[in-house]
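Dear colleague,

Please find the structure below, followed by an account of what was found in it. Kindly keep it open while you read.

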Amino acid sequence: MDEKIEIIQKLSNEDLLALHSAILNHLKYLDEKVITEDEEEVKEEQADGGEENG
Amino acid sequence: MDNLSDNVIVKEIGINENHIENFQLETEEGTKRTKEKFHLNAVNERNDYVQRQRTLFDQYRIACENEMKKRLKNLMPQDKSSQYQEGIKEVDDLLYLVKLNSNISNGFKLGLDFIVASIREDSSLENINQVLKKFIDRFQELGITLSLSDFSYTMFTEQYMSSFLRNSSSEVMKDVFEKIYFACPDIKMQLKMNLIHILEKNKTQLEKYVSSLKNKLFMEHQVNSSNVIEKYTVVRYQSGNEVAIDPYYNTILFTEGTKKISDYLEGSATRAKNYNMFAVGGDYDTLNDEEKNHYNSATMGLYLTLNELKKYYHYEFILKDLLERYKNKDAAKGQYVSKKKELEKEEKTRVSIYKEYQKACGVGLFAKKNETKMKNAMLKMNEHIRKLNSLYEEYRDLDITNKLNNLTESASIYDLFTIALTSFPFLEKCFKKEEIFEEHSLEENVEEYFKFIYNPNNSVLRKINVFAEYDIISVVAEKYKLLNLVVTSEMIDPDNIDATMESVRFINLIQNIERSPISLHTIDIMCQMLTIIGKDEEEKSETI
């Protein structure tokens with residue numbers, strides 16, 4: 001982490017703002033990528049329905 | 001932002017997303033149960049990975065925001081308000097010296113006229129007593145101790161002041177007032193006239209005081225009668241300029257949300273609209289560098305001129321009043337002299353009525369108390385004071401008209417505005433008559449007027465002859481046409497001047513920032529950082 005802090009400290013103001021924005025976007029992306037139990041259940045139901053229809 | 005693609009954290013983002021997108025969540029091999037088990041394990045494994053990355057990137061986020069906080073502290077210019085205080089005080093001190101040096105009355109210079117003017121027909125008894133105390137205290141400060149004999153303008157003022165000077169309680173003063181009021185309903189007016197009489201009586205002493213105060217302060221500030229205005233205008237201009245380009249003041253306009261930085265950046269529609277407004281051809285960007293320089297210097301002057309014009313509109317009624325009076329100035333000369341003589345005569349009559357009263361009271365050698373004569377003298381005095389009051393009104397009115405005889409034919413608008421300063425009663429009447437001045441005290445209004453007269457940036461009105469058939473709006477519009485700016489008469493008439501000034505103020509702010517050590521770009525960076533940190537702080541407080 002110290003190494004990363006050092007990198008952050010060396011950034012220009014514009015790059016610091018851009019990096020912060022990229023990190024926020026990535027955090028949003030990561031939040032979306034967590035697979036919850038609810039999502040799994042919906043998936044299973046869809047799969048079951050498909051099999052039945054088939 | 002050119003190096004950011006090589007940034008380790010940005011690279012990590014790419015690696016992460018690639019890893020997550022290609023994470024194998026399903027298998028084709030094995031039974032349904034095996035497939036389900038594989039999927040469950042893979043989901044858990046990927047969720048763990050995502051969670052770890054979330055924690056890690058949140059740390060990066062915090063590190064970035066901590067760095068922003070640090071930078072914001074370094075970027076924020078120093079607040080130099082305390083340093084400016086000295087300059088502001090110097091400006092105020094010099095303005096006071098300009099006042100002492102001008103040809104306004106000594107009562108005006110020493111603040112005594114304002115005290116007297118605060119006695120009004122609708123003043124409460126408490127107010128009247130406060131004014132009397134203030135007046136006596138102010139005289140004491142000037143080295144003059146007032147006693148009961150100074151308040152014997154009429155038998156009623158003497159009676160009232162006799163209790164007042166004994167430091168009677170407010171209850172006692174109320175009783176005294178009520179008792180006098182039935183015999184003299186004009187007691188407030190009589191007290192006011194008594195104070196004016198005291199000012200007149202102590203004229204020489206006040207003059208001596210002002211003169212020695214002026215000499216002392218002139219020495220302290222190293223100025224003299226001939227250069228004090230010049231020194232004041234230089235110091236005021238420097239102080240004003242210092243504040244106008246101060247990076248701290250200009251930055252907080254944006255960081256505290258008074259102004260929107262995006263409006264001021266190059267490429268903004270608002271910025272273009274304001275700049276194009278005064279550009280020949282309607283497009284500032286099409287001007288070449290030389291034209292742009294010319295434009296910028298002309299708009300800097302335009303703000304000062306419009307400020308001057310706006311003030312002119314504000315005080316135009318004074319000018320109109322004086323111009324109307326100017327027509328009668330010749331006749332006023334003789335009338336003024338005879339009114340003065342008449343007043344002197346009537347003042348003597350007042351004194352004799354007072355003596356009559358004293359005699360009827362049994363005061364003096366061989367005098368015998370006579371109630372009927374006392375009452376007669378009181379009635380006579382009331383009537384006479386009303387007459388005197390009207391005469392004084394007429395005299396003051398003639399005084400200002402008569403002073404217009406001192407104007408030469410080449411007098412400027414400013415010369416006429418300055419004449420108004422020489423008559424406190426005239427100014428008092430002007431500011432009490434107009435509704436727009438009601439929200440401020442007479443003292444504040446007169447002070448503002450004084451500052452307007454001695455504003456170092458006033459130039460147009462000093463150059464225009466007051467007796468010529470002038471149209472000041474066209475004069476200003478023509479001046480800026482010559483300087484290659486689009487300024488029409490309509491843009492600066494009383495209805496539109498505020499909107500036009502708003503646009504010039506917009507351009508001036510950009511110009512002031514460009515003349516200062518901070519740039520709009522840096523302010524923009526600061527505003528962006530503050531938005532981020534502000535949000536962060538809000539989130540923290542929500543969690544708490």
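In what order do the elements of chain A run from the N terminus on? They run α-α-α, and the secondary structure of chain A comes to three helices and zero strands. Helices (H or I, at least four residues) and strands (E, at least two) are DSSP runs, numbered from the N terminus.

This is a predicted model, in which local features need pLDDT of at least 70, side-chain atom pairs count only at pLDDT 80 or more, and totals for chains, interfaces and linings use all residues. Residues are numbered from 1 along each chain as its sequence is written, while chains are lettered from A and ligands numbered from 1 in the order in which they are written.

Of the 54 residues in chain A, 15% are buried. A residue is buried if 20 or more other C-beta atoms lie within 10 Å of its own, exposed if 12 or fewer, and partly exposed in between, with C-beta atoms placed from the backbone.

Chain A meets chain B through 25 residues, which are in contact with 29 residues of chain B; contact requires C-beta atoms, placed from the backbone, within 7 Å. On the side of chain A that touches chain B, α1 (2-10) and α2 (13-33) each supply at least two residues. The largest share, 16 residues, comes from α2(A).

In chain B, helix α11 (residues 228-244) has 17 residues, which at 1.5 Å a residue should span 24 Å; its end C-alpha atoms are 24 Å apart, in agreement. The expected span is 1.5 Å times one less than the number of residues. Within α11(B), B:V228, B:Y232 and B:R236 are buried. Seen down the axis, the buried residues of α11(B) fall within an arc of 60°, so they line one face of the helix; the arc is that of the directions from the helix axis to the C-beta atoms. An α-helix has 3.6 residues a turn, so residues three or four places apart point the same way. On the other side of α11(B), B:E230 and B:N241 are exposed. The cover over the buried residues of α11(B) includes α3 (81-101) of chain B.

Yours sincerely

Note on methods:
Contact = placed C-beta atoms within 7 Å.
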